[in-house]
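Take a look at the model below. This report goes through its aromatic rings, then some helices.

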Amino acid sequence: TNAYLAQMAHFSHLDEVKRVFEAMPKEGPLAPDGKTYTILFEANMAFATKHEHAQKGEWAVVDSPSKLGAQEEVKKQLFDPIALWQEVVYRDSNIRRRLGKRSASGNKSERAGPSLMDEQLVPLIDDRLVVTALRSVMRSSPEHRAYALEAIIPSVYNLSAPGRSAYSASITATTGTMPRFELSERAAETILKLCLASGQTQEGVHYAEQILNMPKIFTDQLLLTHYNAILALFSKANDVDKCLQILDTRPPFLLGESWPRTSWIYALKAARFAGDWEKFMISFKRMTRIPAIADLGKDTTFPAGSIKMDDQILSLLLSTATGSRRVSAMRDSMRILAFYQSGKRPCSSPEDYSEERSTYSQYWRRQLQASAKACLSAIDNAGQDAVSGRNASEEKNWHELVDGLGRLASRNFDAERSRSSKDVSSPSHKTSKAYSSASAGPKSNGKEMLSAASAVLA
């Protein structure tokens, strides 16, 4: 029966799955087992996913009322995931209770009768069933997501609920004798990623903290995918201190290496949206291992393992400095930007990769340009005289920084990409000149460039 149900679920024949399941006896050796319920939850997800894809295709141009009506019709065909989970819990509790009575009886003749002798009493709930049920419930309505986070997870694993609510107590009546399970690595990853995907940041942070505080024998089994999910949750909560605390650790999976770029990005984003320039620079310096900003020059060296720059990181740098509304922060960010764009330090610009024309690369290139424009606007609002410098040397350096930022803000990336696609055989077409093409033509001083950039923004 389970094999047949699995095939019907694979091809999203939910009506046939329902028909067979409803015809199965609820007691006895042919009753649904844990695998049966796992298949039902998987069938729910497969059917919903199939119709979501259809909605994006067929109904893309259909008027909104018809589309909503079709979505409601699909929902009516699905199993109610909460009702299905409560049925699992109820039947599992009964089985465990009867197994307890069997084990407590020392004499076979004292057992509960022939029906129990013929029935295979095996508990229904295992780790795979719980993970599949969570995925099915969490992809439903907000009420279902709240039920999963505040009732199912705390009732199954040794984790406390995020908060006291009606859901926290609603499952007490149905849990019965169901024991709690030890949290597995797969379950931990599922909980964290489901919280991320559904936007349940606070609940995700609550569970992430408990997972990090579990015994070392468990946390040593966590992989990069677990830690990146945890970092992403703390990043969305703008908790840069917690991100840095995690990045201070050296889990076994790193094998003595440094944290990868993707992990550091979460710390940068947390500081960026928290508006904390100091914490951003702490993360940035630890990630890139850049020396003192005042010492940047052609002879600057970097230790092995330092992470190269790209448009995303430089965009976060400029936007964080601009958001701080501090002239010193903007000056430092412009110095770093000029240093990396000068070719003195290798920069992982999009031209280094085959996806140079990908949507992702183009997006961050434009984000960097938008950050440059915003920085110029902030400088203009601060007043040129207030930020240019205390002496002639500082003023000259300041004008050079503004000139470079202005060239970046006024670049036409689409035209450059079009020209490069027509002339890819030229040996001078090198990635180290990703930002230097604007240097051709008459040079302008800082005030002229600032005025020009202000005009563009206006």
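## Aromatic pairs

Phe339 is buried, and Tyr340 is buried too. This is a predicted model. A search of the whole structure turns up 9 aromatic pairs. Tyr227 and Trp259 make an edge-to-face pair. Their ring centres are 5.7 Å apart, with 70 degrees between the planes. Tyr227 belongs to helix H14, while Trp259 sits in the loop between helix H15 and helix H16, so the pair ties together parts 32 residues apart in sequence. Both Tyr227 and Trp259 are buried.

Phe339 and Tyr340 also form an edge-to-face pair. Here the distance is 5.5 Å centre to centre, and the angle between the planes is 80 degrees.

## A cluster and two charges

Phe21, Tyr37 and Phe79 form one aromatic cluster. Lys18 lies over the face of Phe79, 5.5 Å from the ring centre.

The ring of Phe273 has the charged end of Arg272 over it. That charged end is 5.2 Å from the ring's centre.

## Ala148 in helix H8

Ala148 is part of helix H8, which covers residues 142–156. Is Ala148 buried or exposed? Its relative accessibility is 0%, so Ala148 counts as buried.

Beyond its neighbours within four places in sequence, Ala148 is in contact with Leu134, Val137, Met138 and Ile153. Met138 is 10 residues away along the chain, and its C-alpha atom is 6.5 Å from that of Ala148.

## Helix H22

Helix H22 runs over residues 392–409, with 18 residues. From first C-alpha to last it reaches 25 Å, close to the expected 26 Å. Its buried residues include Trp398, His399 and Leu401.

Terms used: Residues numbered from 1 in each chain as written. Predicted model: local features only at pLDDT ≥ 70, side-chain atom pairs only at ≥ 80, totals over all residues. Heavy atoms only, no water. Helix = DSSP H or I, 4+ residues; strand = E, 2+ residues; numbered from the N terminus. Buried < 20%, exposed > 50% of the residue type's maximum accessible area, 1.4 Å probe, protein only. Contact = heavy atoms within 4.5 Å. Expected span 1.5 Å × (residues − 1). Phe/Tyr/Trp six-rings, centres within 6.5 Å; stacked < 30°, edge-to-face > 60°. Lys NZ or Arg CZ within 6 Å of the ring centre and 35° of its normal.
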